[in-house]
Amino acid sequence: MIKLPTIHIGRLSLLLSILVWLALLFVDLVRLFGVINNLNSGIAAEFTWVLEILFFLTVYFFYNYNLQKNAQNEFLNLLWRAASTGIFASAAFLVIQVFYQFLGDSKLGQEPFLRNFFYHVHFALISIFLISTTLLWKKLILYQKTKQVVQQWQTYEIGLLIAMFFVFFSQNTFGYSFIFGFVILTVLGGFLSVNLKWIPYLTFKEKWKSLLFLAIIIICSVYLFLQTNAYSSAQQTYPINLLDNLFLISLYIFILIYALFSFLVTLFNLPTSSVFEQKLTEAINFQRLSQSIQPDEDEEKVLDILMDSSMSASFADGAWLEMYQTDRDQAILQTRWIEEKEREELSKLIESNSAAQNWAKESKADLLNPLPLKISHPKFGSLLLVPLVINKSVIGRMVLCKELKDGFNKEMVSIIETFARQASISVENHRLLNQAIQNERYQEELKIAQRVQKALLPNNLDHNKDFEICAYSNAADEVGGDYYDTFQLDQHRYAIIIGDVSGKGTSAAFHMAQMKGVFQSLIQLNLSPKEFMIRSNAALSRCLERNHFITASIFIIDTLHHQVCHARAGHVPTLFYRSGNQKAEYLGIGGLGLGILRNMQYEKHVEEKEFTYHSGDILVLFTDGIVEAKNQKSQQFGFERIRALVEINYHLSPKEIQAKLIDTLHDFVGGDGLIDDDYSLLVVKFN
Amino acid sequence: MLSIETLQEHPHFILLPKGEIDASNSVQLDESIRKLAENGAKSILVDGSAIEYISSAGLGVFMSYLEDFQEQGISLKIFSLSPRVLEVFQILGLDQLIPIFPEKEAALNAN
């Protein structure tokens, strides 16, 4: 593939226009040579005209491209470009004239070739000035364009294109057709010249500058026009007329009309420009207010903007803003141009004003509007109370003060009301956002709690080859109050505990952690199950909340003597399956929950029992979440179902028995039924 | 759902909780009992016939008054519990600390 070099339209059109101009110059000089020496050069006038049109087009493309590329199209910048081109063209012209004055009647002064050269320079400068300025005018006219204006402009451009070729038809003579074309283009240009929407957007200062630039453009174009006419009237040595062209003359008129219109409209817009600027500032302020505050920013920033915007909208001489913290306690957040003493005086005046009293009592905060007040104060004549309403309650008020009496008109009040509403919305959004972030952080904290709590339950359950063990636990909320643990006392003895803290959720989780601490400390003392419960009760009585208790069952398995010693503290009974008679039953043993009796009386309420196990026997420890799980008919899962399930599945491994129990439990509760309590399950099977 | 009615049969005050007592509404039960105690009731009877279910949080309420009532000489008795709810009291061992009676008459006659 041949890769075409990227065509640079700007440079290409510039190069082309220079080449065309040189060709034009050459052709005309050759023709002049022919005229002087009475030779027929054989070059038709049409040839020059084609080159002329080509020159116009290349200049047009160059400037069109150039303008599009320069995105920086401020109005003043555009005007300055037109003015500077005009100044340049006029200056070049003046220099040429001075040059000829200087030469006077010398031979060089009469030299027709030199004169012709300058004629072509003049032609090039005028074309550049006219075409570039027209394109700049196009930018201005099409500012905030409508479809209609674009169509008008396109019609005008087509008209101009036709005007370029008009020379072929008229053969450079003035006639009715020339006048007809000229009038049509002038009328079209006049229509376009009413599009002056850019002017109001200039600030006061910019308007003055643009007046200056427009004046320069007008002077330059008038000067250049007069010079062109001077050439036309002194036609003796120019073999061909380049300047009496319908295209160029129409552009002259168009540029002049538009510049004049702009000049006059800018001039008459000067006195009202402050109003327009005010409205623009209000719109910008409104936009600034509606931009939401970033979470790490302070809402004071919004209130700051509110104060500034409201003061500039109402030309207030002073203001302050107060936020109601709690009942009657007001915090003055910001004051502007007002002394503390004056503020206190004004506050007293407001409080004694009956209209303001009624206003402050308004129960429906939504209906509260800004209230203008007349006051008798040595400095200030009128006040405006503006409420700040968030979530249907008044959170504060802004007070604007003016030295004039009746200083706040309806328009001011309504714009300030809008400002206040917008600011309130921003503040509310800010607060909501902060709340959401806070909530997210709590969620995050809960997740951490969940992770920490999971780590409190053992990963590896202590056991030896004489028994297998497995455990499962599930919390209704992120964290729960169920607990199980194991401990190897010596080579043959193992402790297993299961516990359940009353209640659920975070408080239960804390108590569960305490239970873990108690178990891990006391179990190392090699206590009997009963002694363990008594000490646990004593320890927990000191740290549990008054209405909280913990239930627990502890088992100490001696694999050497095949003995199990256990105690129960209010916990749901443990199921024991005997392989001998293939029956399962709940271990009946008395015992009060931990933390219920917080004195020495507890000793009387706890028992200890011992039994012998055989190979194939199974212990099933669980918490009340399983027993009390309800199905859609409000029936509890109950002890009986667990017993029956174990009797049927006794031959399975502990893991399988556990899975059977949990699956059955879920089936019982129903597809999307939730078990709203923590539940845990431990299965021990002796080998 | 839980609703609690309070009846007075001089000198006894009878609480009649209806529905399920769990962590979300155990505060209601707590308030009812505390109000009676503050008003100087010396004998509080809880009619358990309409308690459908009681969770550990509900049990915690009864438990929390044990010592206070003993000190203040207030007697708290429960009667007519359904077997299922009674079982919960028994498992925890609360039946050893709070007198529980099969029916109202027995509760009124006992000292």
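User: At what angle do the axes of α7 (residues 176-192) and α9 (residues 246-269) of chain A cross?
Analyst: In this predicted model, those axes come within 9 Å of each other. Local features need pLDDT of at least 70 and side-chain atom pairs 80 or more, while totals for chains, interfaces and linings use all residues. Residues count from 1 along each chain as written, with chains lettered from A and ligands numbered from 1 in written order. With axes as lines fitted to C-alpha atoms over the stretch in contact, and angles running from 0 to 180 degrees between N-to-C directions, the crossing is roughly 30°.

User: Is α7(A) roughly parallel or roughly antiparallel to α9(A)?
Analyst: Angles under 35 degrees count as roughly parallel, over 145 as roughly antiparallel, 65 to 115 as roughly perpendicular and the rest as oblique. The axes cross at roughly 30°, which makes α7(A), relative to α9(A), roughly parallel.

User: How many charged residues are in the contact of α7(A) with α9(A)?
Analyst: Contact asks for C-beta atoms, placed from the backbone, within 7 Å. Among the residues that make it are A:Phe182 and A:Leu185 of α7(A), and A:Ile253 and A:Phe254 of α9(A). By class (Ala, Val, Leu, Ile, Met, Phe, Trp, Tyr, Cys and Pro nonpolar; Asp, Glu, Lys and Arg charged; others, including Gly, polar), there are 8 nonpolar and 5 polar residues, and the charged count is none.

User: Is the crossing of α5(A) and α9(A) left-handed or right-handed?
Analyst: α5 (residues 112-141) packs on α9(A) at about 50°, axes 10 Å apart, so the two are oblique to each other. A crossing is left-handed if the near helix is turned anticlockwise from the far one by less than a right angle, and right-handed if clockwise. For α5(A) and α9(A), that comes out left-handed.

User: Is A:Ile523 buried or exposed?
Analyst: A:Ile523 sits in the loop between α15 (506-522) and α16 (529-541) of chain A, and touches A:Phe487 and A:Ala495, leaving aside residues up to four places away in sequence. Buried takes 20 or more other C-beta atoms (placed from the backbone) within 10 Å, exposed 12 or fewer, and partly exposed is in between. A:Ile523 has 20, so A:Ile523 is buried.

User: Which element gives the most to the side of chain B that touches chain A?
Analyst: Chain B puts 13 residues into the contact and chain A puts in 18. Two elements of chain B give two or more residues, α2 (56-64) and α4 (83-92); helices here are DSSP runs (H or I, at least four residues), numbered from the N terminus. With 7 residues, the top contributor is α2(B).

Methods: Two residues are in contact if their C-beta atoms, placed from the backbone, lie within 7 Å.
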